Amino acid sequence: MLVDLIQVSHTANLEALPRLVADHLRSVDLHDGAMFVVDLQDQVMRQVTGRGLDAGEGGAELRVDGTLPGRAWQRVESLAESGSRQGRRRWWTPITDGVERLGVLRTDVAEDERPQRVLGEVASVLALLLLGKRSFSDSYARLVRSAPMNVAAEMQMNLMPPPAYAGHNVTVGAVLEPAYDLGGDAFDFALAGSTLHLAVFDAMGHDTAAGITANVAVAACRNARRQGATLAEASRAVERTLLEQFGTKRYVTGILASLDTESGVLTWVNRGHHLPLLIRGRRVSTPLSCPPAGPMGTGLGLPVTVCRDQLEPGDRVVLYTDGVVEARDAHGEEFGKDRFIDYVQRHHSGGFTLHETLRRLMRAVLDHHAGRMDDDATVLLAEWRGGHQDDLVP
């Protein structure tokens, strides 16, 4: 059934998937099948009906927090409703490619069956189908948005990699807010062999020009990296490109890092940015230290120092921008670095996946700031498992 579904979906658009999926599920006694995709802020999941400009017309909407489908999505496990309907029980299964959580699958199954394995297999295929369709579907983009998006956010969302990765001894997660009103924050990560490249950028300002600056910085960094540049050379390439385009009117701070996923050696440079944090076990080490060069685009000509740190299995390296720790409540109190670190530590050790930890962290930051950010807030977190590949939990 799954092979047949994949074959017939090759030339289907997003709008055709709900009918194709429901038909193929019924052929193996999985009834009333429906797909729901999560919105950009991981707050609600909307049904893909295939109708309307967003392919969701007439569909249901589910909250991520406080519902059984939301709990299945958060914990990445199939969950069944209590009770039955005409001899069938309703199941909710996370739609995930193994790392990125796209939404949930609803199915009704014979009450005496325990279909977790087959539902997991079906949901994995649906994840691949959705990932294949969303890159050219405006309908998908509309369905996962809950508010108008500014131009800077539109650029950033199409520039940055997916917010989740697991493999090669590492798990990576990233979050960025405000999702619909971004300014100059950006993150990037990519693999080349056994090397994981990581970067965060924070451009001056909070407007479309800041977004353009961040986009140019990410593109310049990737371009240099893919031509074999070292971290120091890549940061100089970013600076050179920004100076060519904007003179000294626009600049970005940033951390550029490379993690050897075999040895656990972290190599990095600091271009005027907040120092990375290292979370180890139940104790928090001091921030990693590296002499800063000037922000990229200022033309200060300061030396770029390359620093190295040896990670231990289970270490988590956190790159972030100032909007996270400097978010203030109505009384002017900052969210703060201590609260930030404590939140990551407590939730991740409490059995949540890395990506669920980051989702809850950003909800806490937003709540602290009464739901409206004055500055971009970005977190990029990488966990090194040190050869314990089977222990990776996306």
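Analyst: The lining of the largest pocket divides into 23 nonpolar, five polar and eleven charged residues.

User: How much space lies in that pocket?
Analyst: About 1,100 Å³.

User: And which residues are closest to its centre?
Analyst: Leu 40, Glu 100, Arg 134, Met 157 and Pro 163. They belong to a lining of 39 residues.

User: Which element gives the most to the lining?
Analyst: Helix α11, with five residues. Elements that each supply at least two include β6 (101-110), α5 (138-143), α6 (151-159) and β8 (170-177). α11 itself spans 354-368.

User: Switching to the sheet. What's the strand order in the five-stranded one?
Analyst: β9-β10-β11-β12-β15. The sheet is open and the pairing is antiparallel.

User: Which strands stand at the edges?
Analyst: β9 (185-192) and β15 (307-310). Each has a single partner strand, so one side of each is left without a neighbour in the sheet.

User: What does the twist average from one strand to the next?
Analyst: It averages 15°.

User: How many bridges pair β11 and β12?
Analyst: Six, in the antiparallel sense. β11 covers residues 252-260 and β12 covers 265-271. For a landmark, find Ser 258, which stands opposite Thr 267 in β12.

User: Which strands does helix α8 touch?
Analyst: α8 (residues 231-246) packs on the sheet and touches β11 and β12. Its direction makes about 25° with that of β12.

User: What about phi of Asp 32?
Analyst: Phi of Asp 32 is near 55°. That is a positive value in a residue other than glycine. Asp 32 lies in strand β1, residues 31-38.

User: Last topic, confidence. What's the mean pLDDT of the chain?
Analyst: The mean is 90. Of the chain's residues, 94% reach 70 or more.

User: And where does pLDDT stay under 50?
Analyst: Over residues 390-394. The model has 16 contacts for that stretch beyond four places in sequence.

User: How should I treat coordinates where pLDDT is low?
Analyst: Where pLDDT is low, predicted coordinates should not be read in detail.

Methods. Residues are numbered from 1 along each chain as its sequence is written. This is a predicted model: local features need pLDDT of at least 70, side-chain atom pairs count only at pLDDT 80 or more; totals for chains, interfaces and linings use all residues. Side-chain values use heavy atoms; hydrogens and water are left out. Two strands pair if DSSP finds at least two bridges between them. Helices (H or I, at least four residues) and strands (E, at least two) are DSSP runs, numbered from the N terminus. Axes are lines fitted to C-alpha atoms, for helices over the stretch in contact, and angles run from 0 to 180 degrees between N-to-C directions. Contact means heavy atoms within 4.5 Å. pLDDT is the predictor's confidence in each residue, from 0 to 100. On a 1 Å grid over the protein atoms alone, a cavity is a set of points where a 1.4 Å probe fits but cannot get out, and a pocket is an open set with protein on both sides within 12 Å along at least five of seven lines; lining residues have an atom within 4 Å of a point. Grid points are joined across faces, edges and corners, and a volume is the space filled by probe spheres set on the points. Ala, Val, Leu, Ile, Met, Phe, Trp, Tyr, Cys and Pro count as nonpolar, Asp, Glu, Lys and Arg as charged, and the others, Gly among them, as polar.
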